[in-house]
Amino acid sequence: MAHIVLIEDNPENATYATRILEGAGHTVKHFSTGLGVARATRNEGADLFLVDFNLPDVDGNVLILTLKRALGGDSSPPFVALTARSDQISRQLATRRGFDAFIGKPFKPQELLDVVNELLGTGDGDG
């Protein structure tokens, strides 16, 4: 299965998403801040990124620009916005910044799996 990087500062949200993804067979590497993610993931690789917008050190909409540049631009892995900022303006900004999908919090497990599996081309989301 896939190696997924989760960038989420809320421990409960991180645990929730990690349990869902690991339950479906994925490996999850969690970061609670955005700094250093590009360096760490460039060495280890990642198949997909889940990025919160409201991080303590950098906005997720800014972080994606840095990560995409560091990881190959248009050839970088898919990025999913995973955020409580789910208004229409935030969704439009995420699209303009280069996110491949958007999941608003709170989310249901199947919603997360459906988006991840669609972007990875791994099936119907049933794990």
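Biologist: Where does Pro106 sit?
Modeller: In this predicted model, Pro106 is placed in the loop that runs between β5 (101-104) and α5.

Biologist: And what is the peptide bond from Lys105 to Pro106, cis or trans?
Modeller: That bond is cis, its omega lying near 0°.

Biologist: OK, where is Glu8 placed?
Modeller: Glu8 belongs to the loop between β1 (3-7) and α1 (11-23).

Biologist: Is Glu8 buried or exposed?
Modeller: Glu8 is buried, because its relative accessible area is 2%, and the cut-off for that word is under 20%.

Biologist: Which backbone nitrogen lies 2.9 Å from a polar atom of the Glu8 side chain?
Modeller: That is the backbone nitrogen of Asn10.

Biologist: Switching to helices: at what angle do the axes of α1 and α5 cross?
Modeller: The axes of α1 and helix α5 (residues 109-120) cross at roughly 60° and come within 10 Å of each other. That angle is why α1 counts as oblique to α5, and the crossing of the two helices is right-handed.

Biologist: Which residues meet there, α1 against α5?
Modeller: From α1 there are Tyr16, Ala17, Ile20 and Leu21, and these meet Pro109, Leu112, Leu113 and Val116 of α5. By type, the residues in this contact of α1 with α5 come out as eight nonpolar, with no polar and no charged ones.

Biologist: One more, Ala70: which helix is that in?
Modeller: Ala70 is part of helix α3, which covers residues 60-70. Ala70 is described as partly exposed because its relative accessible area is 27%, which falls between the 20% and 50% cut-offs.

Biologist: What does Ala70 contact, leaving aside neighbours within four places in sequence?
Modeller: Apart from those neighbours, Ala70 is in contact with Ala38 and Arg42.

Biologist: And how many residues apart in sequence are Ala70 and Thr41?
Modeller: Ala70 and Thr41 are 29 residues apart along the sequence, while in space their C-alpha atoms are 9.6 Å apart.

How values were computed: Residues are numbered from 1 along each chain as its sequence is written. This is a predicted model: local features need pLDDT of at least 70, side-chain atom pairs count only at pLDDT 80 or more; totals for chains, interfaces and linings use all residues. Side-chain values use heavy atoms; hydrogens and water are left out. Helices (H or I, at least four residues) and strands (E, at least two) are DSSP runs, numbered from the N terminus. Buried means under 20% relative accessible area, exposed over 50%, partly exposed in between (1.4 Å probe, protein chains only). A polar contact is a pair of N or O atoms within 3.5 Å; within protein, one must be able to donate a hydrogen and the other to accept it, and residues adjacent in sequence count only if both atoms are side-chain atoms. Contact means heavy atoms within 4.5 Å. Axes are lines fitted to C-alpha atoms, for helices over the stretch in contact, and angles run from 0 to 180 degrees between N-to-C directions. Angles under 35 degrees count as roughly parallel, over 145 as roughly antiparallel, 65 to 115 as roughly perpendicular and the rest as oblique. A crossing is left-handed if the near helix is turned anticlockwise from the far one by less than a right angle, and right-handed if clockwise. Ala, Val, Leu, Ile, Met, Phe, Trp, Tyr, Cys and Pro count as nonpolar, Asp, Glu, Lys and Arg as charged, and the others, Gly among them, as polar.
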